[in-house]
Amino acid sequence: MRNFLETGRLVLRAFTEADAGHLLALDGDPDVMRFINGGRPTDREAIEADTVPKFLRPYPCLGGRGYWAAEEKVTGTFLGWFEFRPLSEHSPAVVELGYRLNKAAWGSGYATEGSRALIDKGFTDLGVERVTANTMAVNTRSRRVMEKSGLSFVRSVTGDWPEVIEGSEHGDVEYELTRPDWQRWRQEPTAG
């Protein structure tokens, strides 16, 4: 399996079809899925028919894929995944950052570590100009990861959501980081 990126504690590698079991376990945890669909587990059929093909899809404008399996570097334990996917089919200028980690990885700084590494790689090697990320307004842990990764709040969005889940009445929030802001942020003594 090809490693895309390594940090001090993480390996981000390309997904394979053999990862379906990892994804089934991850999306089968009601706590992990709480802010996605209210905690309903994803079934194997959806993982195999929808999730795996989405994660295997190439993005030529990025020179690779848009989703990466996250493993603990020392043990090889599957922790979850990171998204760093272009919003336009033909340009890496704007990418969406996302992450989903299993409960055992929560609170350990993995989400911030992986996000920062992807952001750095995007701005230094991939031609990214802007990173965007979204979550439910009530998902304070995910919002904190975005902030610790250098992203800033842009706006709140409310509307009629396809699925009403607890907290959705407060809407979603959008965060972003532009290349000039990243360059300034990286120079600040507290950024690292």
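The model is a predicted one, in which local features need pLDDT of at least 70, side-chain atom pairs count only at pLDDT 80 or more, and totals for chains, interfaces and linings use all residues. Residues are numbered from 1 along each chain as its sequence is written, and side-chain values use heavy atoms, with hydrogens and water left out.

Rolling a probe the size of a water molecule over the atoms shows where empty space is left. The largest pocket has a volume of about 1400 Å³. Of the 50 residues that line this pocket, Ile36, Tyr99, Thr135, Asn139 and Ser142 are the closest to its centre. The search uses a 1 Å grid over the protein atoms alone: a pocket is an open set of points where a 1.4 Å probe fits, with protein on both sides within 12 Å along at least five of seven lines, and lining residues have an atom within 4 Å of a point. Grid points are joined across faces, edges and corners, and the volume is the space filled by probe spheres set on the points.

Which elements supply at least two residues each to the lining of the largest pocket? They are the helices α2 (30-37), α3 (44-56), α4 (110-125) and α5 (140-148), together with the strands β6 (78-88), β7 (91-101) and β8 (130-136). Helices here are DSSP runs of H or I with at least four residues, strands are runs of E with at least two, and both are numbered from the N terminus. By class, the lining has 22 nonpolar, 14 polar and 14 charged residues. In this count, Ala, Val, Leu, Ile, Met, Phe, Trp, Tyr, Cys and Pro are nonpolar, Asp, Glu, Lys and Arg are charged, and the others, Gly among them, are polar.

Tyr99, one of the residues closest to the pocket centre, lies in strand β7. Is Tyr99 buried or exposed? Tyr99 counts as buried because its relative accessible area is 17%; the limits are under 20% for buried, over 50% for exposed and in between for partly exposed, with a 1.4 Å probe and protein chains only. A polar atom of the Tyr99 side chain lies 2.9 Å from the backbone oxygen of Ser142. Beyond four places in sequence, Tyr99 touches residues including Trp81, Glu83, Ser142 and Met146, where contact means heavy atoms within 4.5 Å.

Glu83 is buried, with a relative accessible area of 8%. The side chains of Glu83 and Tyr67 are joined by a polar contact of 3.3 Å. Such a contact is a pair of N or O atoms within 3.5 Å; within protein, one must be able to donate a hydrogen and the other to accept it, and residues adjacent in sequence count only if both atoms are side-chain atoms.

Leu151 is in contact with Leu97, Ile119 and Val131, among others beyond four places in sequence.

Two further buried residues deserve a word. Phe55, in helix α3, is buried at 1% relative accessible area, and its contacts beyond four places in sequence are Phe15, Leu23, Arg65, Tyr67 and Trp81. Leu62 lies in the loop between β3 (58-59) and β4 (64-65) and counts as buried at 9% relative accessibility. Leu62 and Val128 are 66 residues apart in sequence and 8.9 Å apart in space, C-alpha to C-alpha.

Finally, Pro180 is found in helix α6 (residues 179-187) and is partly exposed, with a relative accessible area of 40%.
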